[in-house]
Amino acid sequence: MSWRGMLTLILMAAAALSGWALWSQRDKNGGDGRAEARPDYVLNQFEAVVLNKEGKESFTLRAPKLTRDPNEKTLDVTTPLFLIPPKAGGNGGPWEVRSQRGWVSAEGDEVRLRGQVKADSTNADGKPINISTEELNVFPDTNKATSAVPVRLIQPGTIMTGSGLQADLETKNVTIPNVKVRYEAKAR
């Protein structure tokens, strides 16, 4: 065999090995050819007023960062502050709800708050209501909130702790199953 034939065989073997190496090192993302989803927009240091289907304020959101998932159309929020106004003729003041993380559904009808959740308001008499938990699901259109984890509710003279929560944010009626109640004159 001539030196040209030998060189051709070596080059073909090198090309085959290179092709095999590239094929075996390709990105293995499930074979669907899609790249990992990136947010279609990001907001920094913002305030957003979300309206309900009737065009009235459902809630106001303030946070240092918000990202929107382009596929699901949901929002992820860092250290959010949600301000939920009282309904017309409702009892008490607006709710201020804070947490470490938040998630808002595509329709804006469900808000999931996680990590050091604090919800503060006042009742019809102007007395404070404070709720603290690690998880709270808020439904702004119906003014309801739920939790399945331990919850602590403080009102003047009363401290309630229990597992789970069902709340009507409009009437300030809160139900905590498996509740333990402590009456204290100094509870704020």
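Visitor: Which side chain meets Lys 144 in a salt bridge?
Guide: This is a predicted model. The N to O distance in this salt bridge is 3.0 Å. Lys 144 lies in strand E9 (residues 144-155) and its partner in strand E10 (residues 158-168), so the pair ties together parts that are 24 residues apart in sequence. The partner is Asp 168.

Visitor: Is Asp 168 buried or exposed?
Guide: Buried means under 20% relative accessible area. Asp 168 has a relative accessible area of 18%, so Asp 168 is buried.
By contrast, Lys 144 has 35% relative accessibility and counts as partly exposed. For Asp 168, the answer is buried.

Visitor: How many salt bridges does the structure hold?
Guide: Side chains of opposite charge can pair when their charged atoms come close. The pair of Lys 144 and Asp 168 is one of them. Another joins Arg 112 and Glu 110. The structure holds five.

Visitor: What is the N to O distance between Asp 40 and Arg 68?
Guide: Asp 40 lies in the loop between helix H1 (3-24) and strand E1 (41-51), and Arg 68 in strand E2 (residues 57-68), so the pair ties together parts that are 28 residues apart in sequence. Asp 40 is partly exposed at 38% relative accessibility, while Arg 68 is buried at 18%. Their side chains meet in a salt bridge, N to O, at 2.4 Å.

Visitor: Which residue lies over the face of Trp 103?
Guide: The residue sits at 4.2 Å from the ring centre. In E7, the residue opposite Trp 103 carries that name too. Its side chain also meets Glu 110 in a salt bridge of 3.0 Å, N to O. The residue is Arg 112.

Visitor: Which residue in the turn between E6 and E7 has a positive phi?
Guide: Strand E6 (residues 101-104) and E7 pair in the antiparallel sense over four bridges. They form a hairpin with six residues between them. The phi in question is about 75 degrees, and the residue is Gly 108.

Visitor: How many bridges join E7 and strand E8?
Guide: E8 covers residues 128-139 and pairs with E7 in the antiparallel sense. Five residues lie between the two strands of this hairpin, and Gly 126 in the turn has a positive phi of about 85 degrees. The number of bridges is ten.

Key:
Residues numbered from 1 in each chain as written. Predicted model: local features only at pLDDT ≥ 70, side-chain atom pairs only at ≥ 80, totals over all residues. Heavy atoms only, no water. Lys NZ or Arg CZ within 6 Å of the ring centre and 35° of its normal. Pairing = 2+ DSSP bridges. Salt bridge = Lys/Arg side-chain N within 4 Å of Asp/Glu carboxyl O. Buried < 20%, exposed > 50% of the residue type's maximum accessible area, 1.4 Å probe, protein only.
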